[in-house]
Amino acid sequence: MVGNYSPAQITDWLVPGRNLFLTIHVLGVACFVYIVAKRLVPLIRAQRDFRLDHPLTRLAKVFKFWLGQWKHPRYRFAGTLHIVIFAGFILLALRAFSVLAVGTEHFALPGLNGRVGHLYDIITDYAATVVFLCMVVATLRRLVLRPARYAVPAKYGKDHTADAVFLLNLIAILMVADSLFAASKAAGHAQQGQPVESLAVLSLPWLLQIAIGSMSLATLWILNVTAYLVHELAFYFLLCYRPFGIQFHVETSLFSIYFAKLERGTLKPVRWGVPDEHLDQVKSFGVKTFEDFTWKHMLDFYSCADCGRCADNCPANAVGRPLAPRFITIKARDYAFQHYPVLGKSNNSKPLIGTIYSEDEIWSCTTCGACEEECPLLIEYIDKIVDLRRGMIDDGNVPQSLQKPLKALESRGNPYGKMEKKKADWAKAPEFQKTCGVKILDKKNAADTLYFVDSITSYDDRMQSIGRSTAKILDHIGENFGILGAAEKDSGHEVRRFGEEMLFMALRDHNTDAIKASGVQRIVTADPHAYNALKHDYKDVPPVEHISQVIAREVKAGNIEFNPVGNKDSVYTYHDPCYLGRHNQIYDEPRSVLDAIPGLKRVEMKRSRDRSFCCGGGGLMLFYEPKEEQRMGVLRVRMAAEAGANVIVTACPFCMVNIEDAIKVAGLEGKMSAVDLTELVDQNIVRQGRPETSETPKVETANFGG
Amino acid sequence: MEILVCARRVPDTSENEIELNAAGNDLERDELVYSVNEPDNYAVEEALQIRDRVGGNVTVVTIGGEDDEEILRRELAMGANQAVLISDDAFSGSDGKGIATTLKGFVQKGHYDLILTGVQADDGAAQVGGMLAAMLDYPFASLVNSISVEDGKLKVGREIEGGNREMNEIDLPCVLSIQTGINEPRYVGMRGIRQVASVPIPTLGASDIGVDEAAVGEAAAKVKRVDYFVPALSKGAEMLHGSREENADKVLELVAAKGGLK
């Protein structure tokens, strides 16, 4: 074909291949449209999901997380590489389309002729070069460096390296073909003495032009047409191959991020669009089959780029529990591809638990949110885990270890099965009562502020100290506060996150009524789980604050002053509780309180703030018996030791349980201790004219001296 | 297979602080919460699993008052086909034999291939299952921790002291008392109970099941509770006061001395 044709003008070089090129265009586009249509089939059969609200907020998310690649630098090397490749792709997008169009007719993108066009060509010459180099680096990284987070444990299937490298090389080929196309054209122009627009110095096309510059015009022509054909084939192959694997995110990420969840700390309703009072009519709760996922959650499955950051940060994965968020997604995607094939009929839906997911896998999650915090594509995990749990609860498929506390929550309103009348016993300790009276709010006793204590602080001997310290702090700042006593039931935070929605609703409704009846103006709690529940899961209750916010404000206002820290050898570190930090963005207040204590030495753990490492989970997670190699808390305590700390300060009673246990398990008793922020404040607060009443023994933080 | 499970509502020992009343003859019942007797719940689960394997119906029966309906609802929510409450003033104060007599009356009103009871009630004496079998002249196997259905027969297992296991063949119809651990009972949430809230639960009195009132109740009871108390704490605990390592060594030594280590 090429041999019988002698073009007068190099611009006509592609003319003899036009029919072929056009055919490939049409076939390529048709294939892609068909494949994408097939990929959309499960999304159409999926559950509803309301994601069309707040378009401006969503657009802002697109700018920040998609265009701005906001999460990527959290992994500096891989993230930078990705940002460069992404920028290259964005720059090359127009060029790719104009190159494709050139094959079928003379074409120049409007606005991209003349000097602007030349500038664009120069930029894209470099972009193609940089992307090519990135592909080389990325390939070497995959083959030689082999970062651990890409490994696929045998139980999760086969290694993904070959597929990743194949895709990287396809892109590299695309870049080379694109460059060769430009280089051969430029070389031809130069030989024919036509005006040549110079290629970008040291770019891939420039280097190629030098390499082939002395070849005959006929050879250059063949090179040019071949480069075009390779470019076109590689482009369409990639386009149609991407929906079969990890690179589908190139197309879907924009939508995944636009439709991403907007509010932290919240959970999706059982069924979107079904109000609580109609839930009884819903036939099945939660996710049991693939089609029970919402369309957005299915889109998440398609969008996952298999980067492994979620699993790399997952505490459950770190301690060897049978859960890695990455494979929650990958297994669901494989399931979708298998049951909704591009060719052939869609299969009937089967239960997911017992086929692709195991029960232990789904119960292993502490809902700490580390995976979601890390995901560059804002893929959601907690809602999916909770939906899968709702499905298991609905089928009665609940470990025996969780059935008892759930039953106790139903009959007694707390997971321990303790008597309601003993809920306020923590406030009756004789020494404490002498200095600080705690009102129980009822028809006779009113207050402005409700201290919502929640189950663990009310009933656990050790955690009751947090309750007393909190009460004393509130008393010190002159707050008119009280508690609900026996009328307070568990906040239900973990009940909901363990999938028992109806029980949660009963607890929530009971507490809401009790809170409203008490007539308080605001709520304070020292339990981040209760805080999150009251803030996000409850409706129509007064505004709620965590005690650390109250203390920080009062310290700033000068209403709380501190004595210097007792032991000069103590080095403190602050452990961010998941439901205070990641889920509610309260990072600075507790730290500002610590820093206000004179002489307090504070260090940060490597994993802190939004990368804080879950201590093991709260609420019902304390009852669950996970399959794990070690405890999350032990890892966390070691991280504190590594940072050079010997006192771990936290602001959550569940963290306290896990960390104190972990100190013993790690054999660090006497070398490391844990204290709640409220206890530390209570110990160090300056009480003018009042006796020192700090009840937590000073030994907790003072007597071990490194 | 038609399966009957006899269940009972008891104060939940894990969710109550059991105290004696002022008279010292019973529990202080004011603030107690109740649940289905744990081994009975395993029996229901086992019945449901057998039904799901071989077909049939599961009926749950309890003797008591209106309050006892709550456990029947829970078992219906688990998946039982029907539930029956046997309630009559004449039954109050029955001893084990009186309860067995009542159940016998109910069993004879229907046709059951298999009758399951829990191995014992939390506050019971593990006697009703055996008595019921004797009264019906059915074979009886106790402490059952596995059941497989074979042609017209069952193969049932039980654990022997020391961890050994024994398998027995037993003819149908029969009575079995079920040990906890035979299965993992499914969870019943509030939603499940709400869904069976309107399922009717028939209530039968003594005359409905042909039980002679003179054979049951307090008057007929030949076993009477004469005292109920919390035993005084006796000395028996040995406190170890050494370092952790010393204590660990001491514990090992003590356990070995008592034959706990081989």
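How are helix 2 of chain A and helix 8 of chain A oriented to each other? In this predicted model, the two helices are oblique to each other, and the legends below begin with that pair.

**Figure 1. Crossing of helix 2 and helix 8 in chain A.** The axes of helix 2 (residues 55-67) of chain A and helix 8 (residues 249-258) of chain A come within 8 Å, and they cross at roughly 130°. Because angles over 145 degrees count as roughly antiparallel and those from 65 to 115 as roughly perpendicular, helix 2 of chain A and helix 8 of chain A are described as oblique. The crossing of helix 2 of chain A past helix 8 of chain A is right-handed. On the side of helix 2 of chain A the contact is formed by A:Arg58, A:Lys61, A:Val62, A:Phe65 and A:Trp66, and on the side of helix 8 of chain A by A:Ser253, A:Leu254, A:Ile257 and A:Tyr258. Sorted by class, the residues in this contact of helix 2 of chain A with helix 8 of chain A are six nonpolar, one polar and two charged.

**Figure 2. The open five-stranded sheet of chain A.** Five strands of chain A form an open sheet in the order 1-3-2-4-5, with parallel pairing. Its edges are strand 1 (439-440) and strand 5 (544-546) of chain A, each of which pairs on one side only. Within the sheet, strand 2 (residues 449-452) of chain A and strand 3 (residues 481-483) of chain A run parallel and are joined by two bridges, and A:Leu450 lies opposite A:Gly482 of strand 3 of chain A. Helix 23 (residues 547-556) of chain A packs on this sheet, where it touches strand 4 (522-525) and strand 5 of chain A, and the direction of helix 23 makes about 75° with that of strand 5 of chain A.

**Figure 3. Strand 8 of chain A and the strands paired with it.** Strand 6 (residues 571-574) of chain A runs parallel to strand 8 of chain A, to which three bridges join it, and A:Thr573 has A:Ile648 of strand 8 of chain A as its bridge partner. Strand 8 of chain A also pairs in the parallel sense with strand 9 (residues 673-676) of chain A, here over four bridges, with A:Thr650 opposite A:Asp676 of strand 9 of chain A. In a regular strand, side chains alternate between the two faces of the sheet. In strand 8 (residues 647-650) of chain A, A:Val647 and A:Val649 point one way while A:Ile648 and A:Thr650 point the other way, and all are buried.

**Figure 4. Helix 25 and helix 26 of chain A, with axes within 8 Å.** The axes of helix 25 (residues 632-642) of chain A and helix 26 (residues 653-665) of chain A cross at roughly 80°, which means that helix 25 of chain A is roughly perpendicular to helix 26 of chain A. A:Gly633, A:Val634, A:Arg636 and A:Val637 of helix 25 of chain A meet A:Asn658, A:Ile659, A:Asp661, A:Ala662, A:Ile663 and A:Val665 of helix 26 of chain A. By class, six nonpolar, two polar and two charged residues make up the contact of helix 25 of chain A with helix 26 of chain A.

**Figure 5. The mostly covered helix 27 of chain A.** In helix 27 (residues 677-684) of chain A, eight of its eight residues are buried.

**Figure 6. The contact between chain A and chain B.** The contact takes 23 residues from chain A and 15 residues from chain B. Helix 5 (residues 190-195) of chain B supplies three residues, the largest share of the side of chain B that touches chain A. That side of chain B has, by class, five nonpolar, three polar and seven charged residues. For orientation, the secondary structure of chain A comes to 28 helices and nine strands, and that of chain B to seven helices and 11 strands. Buried residues make up 48% of the 706 residues in chain A and 36% of the 262 residues in chain B.

Note on methods: Residues are numbered from 1 along each chain as its sequence is written. Chains are lettered from A and ligands numbered from 1 in the order in which they are written. This is a predicted model: local features need pLDDT of at least 70, side-chain atom pairs count only at pLDDT 80 or more; totals for chains, interfaces and linings use all residues. Axes are lines fitted to C-alpha atoms, for helices over the stretch in contact, and angles run from 0 to 180 degrees between N-to-C directions. Angles under 35 degrees count as roughly parallel, over 145 as roughly antiparallel, 65 to 115 as roughly perpendicular and the rest as oblique. A crossing is left-handed if the near helix is turned anticlockwise from the far one by less than a right angle, and right-handed if clockwise. Two residues are in contact if their C-beta atoms, placed from the backbone, lie within 7 Å. Ala, Val, Leu, Ile, Met, Phe, Trp, Tyr, Cys and Pro count as nonpolar, Asp, Glu, Lys and Arg as charged, and the others, Gly among them, as polar. Two strands pair if DSSP finds at least two bridges between them. A residue is buried if 20 or more other C-beta atoms lie within 10 Å of its own, exposed if 12 or fewer, and partly exposed in between; C-beta atoms are placed from the backbone.
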